[in-house]
Amino acid sequence: NLFPVGEKNNHSATYYRHRIILHQNIIMKLSLASLLFAAPAAAFAPSGSFGVSRTSLNMSTETEEKAFAKLPATIKPGVVTGKALQDLLQNASDNGYAIPGVNIVGTDSINSCMEAAAKYGGPIMVTFSKGGGQFIAGKAADNTDDAASIAGAISGAKHVHEVAKLYGVPVVLHTDHCQKAWLPWIDGLLAASEEHFAQTGEPLFSSHMLDLSEEPLEENIGICRDYMEKFAKVNILLEFELGVTGGEEDGVDNTDVDSSRLYTQPEEVWYSYQQLSTVENAMFTCAASFGNVHGVYAPGNVDLQPVILHNSQKFIAEKLDNGIDKPMLFVFHGGSGSSVDDIKYAIKGGVVKMNIDTDTQWAFWDGVRAYEKEHHDYLQGQIGNPDGDDIPNKKYYDPRMSLRAGQEAMAARLCQAAEDLNCVNVLN
């Protein structure tokens, strides 16, 4: 009330002018506040469909300041989700590189990933498996109803959210193979992302992989579509699998699978693309099988056929007839031990991420092993070494010393992988 009751006739014109000026200042401040609070809401508005319109993926706010010279303005240091993740993966496809997707088992391997990314100048995908999540929580923790697997993965994800920006690189938080029987694990992680989204406007995890390739195609994609609808509400990307990745990894054993199931057909990719594209705000990538096998094998024992990816892109492009030559974003599972030529040809076929686990596991161990070998005589007791019988060895057996050696070796291996994936110096 500009003139309170009983006061209107008791004040001079000067008093009224002061009241008017005060009233105008209040209105200006309220208007400014409304603009400040409206901005975040607009920033988290759902983007266009991932499968239907590529144009919608490439539209970044022109006035937004860029953090990386070679990337869209939506992408910042730290955990990347939603529209920023779309833009990052499309940038990889358009510019011919793939992101290393690394299975981790704790903060040592998580930090190795981000350290490597900072060194090679590119993004990194930190990947939690169900078993990896349980290990982070502690093998002695109660895992009834996947409680430890859920809690460990959430704990690791929160660690990344806290420290990722300190490394100055984009980090994608992903989960690996989840078969039908393991869906309650994903349900637990999705609940955590929904809570995080309600608080921050972003999901806790960037993306989840559902591996329902053991089910008939219609059931596989039907379940994936149901989860895509849930994911889309909180800007989570879905990775789905067609065909089977051979070998064994983290509780998923396909060593004796029929070899014909190792090769996905273009018609299967197109069917999946159609079904998932009907979900509003859908974001998805496809792990199509082209002879991939988990683990490392002698040369000649694995018959990779990345031409399947090229054929699938051509098949879908002809169906869509919209001028886009690589409409599907593919991911490469079972990448450890693959030839560089096969990797680069797969990238040309639209691969934007390659999984790495076996090679980085070995690298970490090899770093620890080399440390023990170098300092062996100083690691045989708490006191006494070649320098004297009464000299303490604490600085050698401090766990941080051997673990750091493992971290450095793993980071070095990932820098090598980034070279193979054309992912070096893609930020600036």
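**Close-up 1. Helices H6 and H7 in contact.** Leu183, Ile186, Asp187 and Leu190 in H6 meet Ile223, Tyr227, Lys230 and Phe231 in H7. By class, this contact of H6 with H7 holds six nonpolar residues, two charged ones and no polar ones. The model shown here, and in each view below, is predicted. H6 covers residues 183–200, and its axis lies 12 Å from that of H7. The two helices pack at an angle of about 10°. An angle under 35 degrees counts as roughly parallel, so H6 is roughly parallel to H7.

Close-up 2. Arg225 pairs with Glu229 in a salt bridge. Their closest N and O atoms are 2.6 Å apart. Both residues belong to helix H7, which spans residues 217–232. Arg225 and Glu229 are four residues apart, about one turn of the helix. Arg225 has a relative accessible area of 23%, so Arg225 is partly exposed. Glu229 also counts as partly exposed, because its relative accessibility is 34%.

**Close-up 3. The crossing of helices H8 and H9.** H8 is formed by residues 266–277, and H9 by residues 307–320. Their axes come within 9 Å and cross at roughly 50°. H8 and H9 are therefore oblique to each other. The crossing is right-handed. On the H8 side, the contact is made by Pro266, Glu267, Val269, Trp270 and Tyr273. H9 brings Asn311, Ser312, Phe315, Ile316, Lys319 and Leu320. Sorted by class, the residues of this contact are seven nonpolar, two polar and two charged.

Close-up 4. Side chains of opposite charge can pair when their charged atoms come close. Here Glu115 forms a salt bridge with Lys119. The closest N and O atoms of Glu115 and Lys119 are 3.2 Å apart. Both lie in helix H3, made of residues 107–120. Glu115 and Lys119 sit four residues apart, about one turn of the helix. Is each residue buried or exposed? Glu115 is at 13% relative accessibility, so Glu115 counts as buried. Lys119 has a relative accessible area of 55%, so Lys119 is exposed.

**Close-up 5. Glu115 and its partner in helix H13.** Glu115 also forms a salt bridge with Arg404. In this pair the closest N and O atoms are 2.8 Å apart. The bridge links distant parts of the chain. Glu115 is in helix H3, while Arg404 is in helix H13, which runs over residues 399–420. The two residues are 289 residues apart. Arg404 counts as partly exposed because its relative accessibility is 31%. Which residues make up the network of salt bridges around this pair? Glu115, Lys119, Arg404 and Glu408 are linked in it. For the whole model, the count comes to 11 salt bridges.

**Close-up 6. Thr81 in its loop.** Thr81 is placed in the loop between strand E1 and helix H2. E1 consists of residues 78–79, and H2 of residues 82–95. Thr81 has a relative accessible area of 10%, so Thr81 is buried. What does Thr81 contact, leaving aside its neighbours within four places in sequence? Thr81 is in contact with Glu202, Pro203 and Ser206.

Technical notes: Residues numbered from 1 in each chain as written. Predicted model: local features only at pLDDT ≥ 70, side-chain atom pairs only at ≥ 80, totals over all residues. Heavy atoms only, no water. Axes fitted to C-alpha atoms, helices over the stretch in contact; angles between N-to-C directions. Parallel < 35°, antiparallel > 145°, perpendicular 65-115°, else oblique. Left-handed = near helix turned anticlockwise from the far one by under 90°. Contact = heavy atoms within 4.5 Å. Nonpolar A, V, L, I, M, F, W, Y, C, P; charged D, E, K, R; others polar. Salt bridge = Lys/Arg side-chain N within 4 Å of Asp/Glu carboxyl O. Buried < 20%, exposed > 50% of the residue type's maximum accessible area, 1.4 Å probe, protein only.
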